[in-house]
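Reader: Can you walk me through this one? I'd like the contacts, then the packing.

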2 protein chains.
Amino acid sequence: MGTAMTVIDDAPAEVRACGELERQRHRRPEGRDRFTISEVADYTGLSAHTLRWYERIGLMPLVDRSHTGQRRYGPRDLDWLDLVGKLRLTGMPVADMVRFAELVRQGEETVAERERLLSAHREDVRRRIAELRSTLDVLDYKIDIYADARRRASEGASRT
Amino acid sequence: MGTAMTVIDDAPAEVRACGELERQRHRRPEGRDRFTISEVADYTGLSAHTLRWYERIGLMPLVDRSHTGQRRYGPRDLDWLDLVGKLRLTGMPVADMVRFAELVRQGEETVAERERLLSAHREDVRRRIAELRSTLDVLDYKIDIYADARRRASEGASRT
DNA sequence: CGCTTGCTTGGAGTGCACTCCAACTCTCTA
DNA sequence: TAGAGAGTTGGAGTGCACTCCAAGCAAGCG
């Protein structure tokens, strides 16, 4: 039955790879398509604990199992975790990500709502970027003050 | 005794005001210079609980009191809270802000370290801005996909 | 004078996102 | 075939940043 996530529109490598200089400790192994939990932990930077927890709370589709019951993650699972990682990085609450995962599970008829959800989040991210930038100005201002103070202090000292 | 913060180099209004479209619910009242906790809560957007808590943990200098023991915040307290608000907005952990507050309390000889602390944080903020921007690309990509899917779906429906 | 509203305190409680534990079973290498 | 090192589970624990509570004091108003 259809627990496999059917509607992960997989982003092409160019999009997937941009940014993130070393957040992903290890490149995704080519050639294989079933990965153990520790390989995935390594790849995503999440702990194995967290991966299991994501599954429990419905943030991951139920992961495929080996004949003995151990998890075997596939390429679509990694794609999904890439996206989740991005959303997490931008501070989307886990509850919202779970909501998104539910929509994906429900299939094509939720596309409009998914779009709305991501668009709202995009606005959020834009707002936060602007906020951060404005703080950067304050930080620059403060740091200048301190640099001046330090310069004056060392000049005073050398003149003594 | 010198619990009053002596080294808040106050940023001029241009720097203080930029960004933050409506984060500060109320303009700082002009003319007066002693504010109750609820006025300050209103001004900063923090709760009175949080303001007291900041003081307890050493993130605020001990605030002046009225003859009956109630807090009376002064302009420098508001300046300090403006800065703390900025740092908080950029995700600086409370523990780091407390460390910074301690340095400020210790006086001029900690200027170099304060500069280092803020510079490090500035790099952090820069990194996070870059990160957010790269996520924005992924978001745009996804949203496009959904928009396309939606368009195709409604076209198909109208052709039926 | 009584009532409402606002302030005080220490300490307990909340919500989020993990993070770890105990007590196993399974896989791999020698 | 033995032992090390992975993986499994439900549930409890952690750290952070608040957030609230109870009990009490103080000021202003009709």
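Author: What follows covers the DNA contacts, the helix packing and the salt bridges.

Reader: Ground rules before we start?

Author: This is a predicted model, in which local features need pLDDT of at least 70, side-chain atom pairs count only at pLDDT 80 or more, and totals for chains, interfaces and linings use all residues. Residues are numbered from 1 along each chain as its sequence is written, chains are lettered from A and ligands numbered from 1 in the order in which they are written, and side-chain values use heavy atoms, with hydrogens and water left out.

Reader: Start with DNA strand D. Which residues come nearest?

Author: Ser38(A), Arg52(A), Arg65(A), Arg71(A) and His49(B), out of 18 residues around DNA strand D. A residue is near a strand if one of its heavy atoms lies within 4 Å of it.

Reader: What share of the DNA strand D atoms within 4 Å of the protein belong to sugar or phosphate?

Author: 72%, and the rest belong to bases.

Reader: Now DNA strand C. What is closest to it?

Author: His49(A), Thr68(A), Ser38(B), Arg52(B) and Arg71(B), among 18 residues that surround DNA strand C.

Reader: How far are the chain B polar atoms from its phosphate oxygens?

Author: A side-chain N or O atom of Ser38(B) is at 2.7 Å, a polar side-chain atom of Arg65(B) at 3.2 Å, and a polar backbone atom of Arg71(B) at 2.7 Å. Two or more residues of this surface come from each of α3 of chain A and α2 and α3 of chain B. The largest share, 4 residues, is from α3(A).

Reader: Switching to packing. How do α4(B) and α5(B) cross?

Author: Their axes come within 11 Å and cross at roughly 145°, in a right-handed crossing. Axes are lines fitted to C-alpha atoms, for helices over the stretch in contact, with angles from 0 to 180 degrees between N-to-C directions. A crossing is right-handed if the near helix is turned clockwise from the far one by less than a right angle, and left-handed if anticlockwise.

Reader: Which residues meet there?

Author: Trp80(B), Leu83(B), Val84(B), Leu87(B) and Arg88(B) of α4(B) meet Met97(B), Phe100(B), Ala101(B) and Val104(B) of α5(B), contact being heavy atoms within 4.5 Å.

Reader: Last topic. How many salt bridges over all chains?

Author: 22, where a side-chain nitrogen of Lys or Arg lies within 4 Å of a carboxyl oxygen of Asp or Glu. One of them joins Arg99(A) and Glu113(A) at 3.1 Å, N to O.

Conventions
A polar contact is a pair of N or O atoms within 3.5 Å; within protein, one must be able to donate a hydrogen and the other to accept it, and residues adjacent in sequence count only if both atoms are side-chain atoms.
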